[in-house]
Amino acid sequence: MMLKDKVAVIYGAGGGIGGAVARAFASEGARLFLTGRSRAPVEVVAREVARAGGSAEAAKVDAVDEQAVDGHLQSVIDKAGRVDISFNAVGIPNTKIVGVPLVELDVEQFSLPITAYTTSYFLTARLAARRMIPNNSGVIMTVTALHSRIGIPSVGGYGPAQAAKEALTRDLSAELAPLGIRVVGLRPQGMPETRTIKEAYEPRAKASGLTWEQWQGLLASRTHSRRLMTLEEMANMAVFMASDKASGMTGTTVNLTMGSMDD
Ligand SMILES: NC(=O)c1ccc[n+]([C@@H]2O[C@H](COP(=O)([O-])OP(=O)(O)OC[C@H]3O[C@@H](n4cnc5c(N)ncnc54)[C@H](OP(=O)(O)O)[C@@H]3O)[C@@H](O)[C@H]2O)c1
C-alpha cells in the first residue's frame, strides 16, 4: 500500500475531486480526516470509505476560516499524532464566477475566486506546514486547472486564481522543501463526471449551438488520447504524488491535461 498509515487531511472532501482523492487515499491505506464547508456530503464520503474497510472521520471546516482550520488540525494532531498529507480540493461554484465577459464583470465577482482560492490554499498549507516542520516530513497538495496557463473567454477571475495557486505551490516549496516538506499541485483536464464541469461548460456548449455530448467531444479532441480523464485516473496520480515514491517531485504542478496543453 502506497500510503499505509499516512495521516491525510482533505479540504473540500465532499466534492467530486476531494471525494475521489479520499477514496483513492483510503484504498492505499491512509488514515483520513475529511472536511468540507457542509458536513453532510463529507459524511457520505466518510461512510463510503468506512464501508470499503478504510478509516475516515468527517468534520465541518470552512477552509477560509483560519480558526476553524487550525482547530481542526489540532484535533487531528491530538488523535493521530501528526499530519502527513494536506490536500486542498476546495472549489467554489462556477455558476457564481464564470460566464460574464471581463469588460462587463464587476470587481466583486472578479475578486471572489482569486480571494477564495488563494486564501484557502494559503491557510490550509501554512497551518499544515507548521505541524509538519517538527517532523521534517509532509506533502502539501492542491488542484488547479488549465486556465492557469491558457486564455479562455468569460471565466472572470478563475484563471488568475488558478495561476496564483500554481505560483504559491512553487513559493511554498522553495521555503518548505529544505525542511523536508514537498509541495505539489495537480492540473487535470475537465472531468465530465463532475458536476462542476457540467455546470461550467453546459451553458457555453448551448451558446455555441452544441449539445453537452458534442462539447465533451470537442474537449476530448484536443487531447492526444482523444478522450477526457476520469476522476479515478486523476486520483491515482494524487496517490502517487502523495506517496514516498514521488520523493523527487516538489515545487511543481503536474500536467494532467493529456497533451491538450504543453508545458
Ligand atoms: N471537476 C473537474 O473536472 C476539474 C478539473 C480541473 C480543476 N478542477 C478544480 O478542482 C477544484 C475542485 O473541483 P470539484 O469538481 O471537485 O468541485 P466540487 O465538486 O464543487 O467540490 C468542491 C468542494 O469544495 C467545497 N468548498 C467550497 N468552499 C469551501 C470552503 N470555504 N471550505 C471548505 N470546503 C469548501 C464544496 O463544498 P460545498 O458544496 O458545501 O460548498 C465542495 O464540496 C476546483 O478548484 C475546480 O475548479 C476541477
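A: Asn94 counts as buried in this predicted model, because its relative accessibility is 6% and the limit for a buried residue is under 20%. Asn94 belongs to the loop that runs between strand S4 (85-88) and helix H4 (107-132). Between the C-alpha atoms of Asn94 and Arg23 the distance is 24 Å, and the two residues are 71 positions apart in sequence.

The loop in question lies between strand S6 (181-188) and H6. With a relative accessible area of 6%, Gln189 is buried. The side chain of Gln189 also takes part in a polar contact of 3.0 Å with the side chain of Ser260.

Leu146 occupies the loop between S5 and helix H5 (158-176). Its relative accessibility is 7%, so Leu146 is placed in the buried class.

The space that the ligand takes up is the largest pocket. Two elements give two or more residues to the shell around the ligand: helix H1 (16-27) and helix H6 (195-207). Of the elements, H6 gives the most, with 3 residues. The shell around the ligand is made up, by class, of 12 nonpolar, 12 polar and 3 charged residues. There are 27 residues around the ligand, and those that come nearest are Arg37, Ser38, Tyr158, Met191 and Thr196.

For Tyr158, a polar side-chain atom is found 2.2 Å from an oxygen atom of the ligand. For Thr196, an N or O atom of the side chain is 2.4 Å from an oxygen atom of the ligand.

Some residues call for attention on account of their backbone angles. Most residues other than glycine have a negative phi. Asp5, which is not a glycine, has a positive phi of about 65 degrees. This residue is in the segment before strand S1 (7-11). At 48% relative accessibility, Asp5 is partly exposed, because that value falls between the limits of 20% and 50%. Asn136 likewise is a residue other than glycine with a positive phi, near 50 degrees. Asn136 is located in the loop between H4 and strand S5 (138-143).

Arg47 provides a helical case. Its place is in helix H2, which covers residues 39-51. The relative accessibility of Arg47 is 48%, and therefore Arg47 is counted as partly exposed. Along the chain, Arg47 and Ala58 are 11 residues apart, and 8.9 Å separates their C-alpha atoms.

To return to the part requested, the ligand takes up the space of the largest pocket, and Tyr158 and Thr196 are among the residues that come nearest to the ligand.

Note on methods: Residues are numbered from 1 along each chain as its sequence is written. This is a predicted model: local features need pLDDT of at least 70, side-chain atom pairs count only at pLDDT 80 or more; totals for chains, interfaces and linings use all residues. Side-chain values use heavy atoms; hydrogens and water are left out. A residue is near a molecule or strand if one of its heavy atoms lies within 4 Å of it. A polar contact is a pair of N or O atoms within 3.5 Å; within protein, one must be able to donate a hydrogen and the other to accept it, and residues adjacent in sequence count only if both atoms are side-chain atoms. On a 1 Å grid over the protein atoms alone, a cavity is a set of points where a 1.4 Å probe fits but cannot get out, and a pocket is an open set with protein on both sides within 12 Å along at least five of seven lines; lining residues have an atom within 4 Å of a point. A molecule sits in a cavity or pocket if more than half of its atoms lie within 2 Å of its grid points. Helices (H or I, at least four residues) and strands (E, at least two) are DSSP runs, numbered from the N terminus. Ala, Val, Leu, Ile, Met, Phe, Trp, Tyr, Cys and Pro count as nonpolar, Asp, Glu, Lys and Arg as charged, and the others, Gly among them, as polar. Buried means under 20% relative accessible area, exposed over 50%, partly exposed in between (1.4 Å probe, protein chains only).
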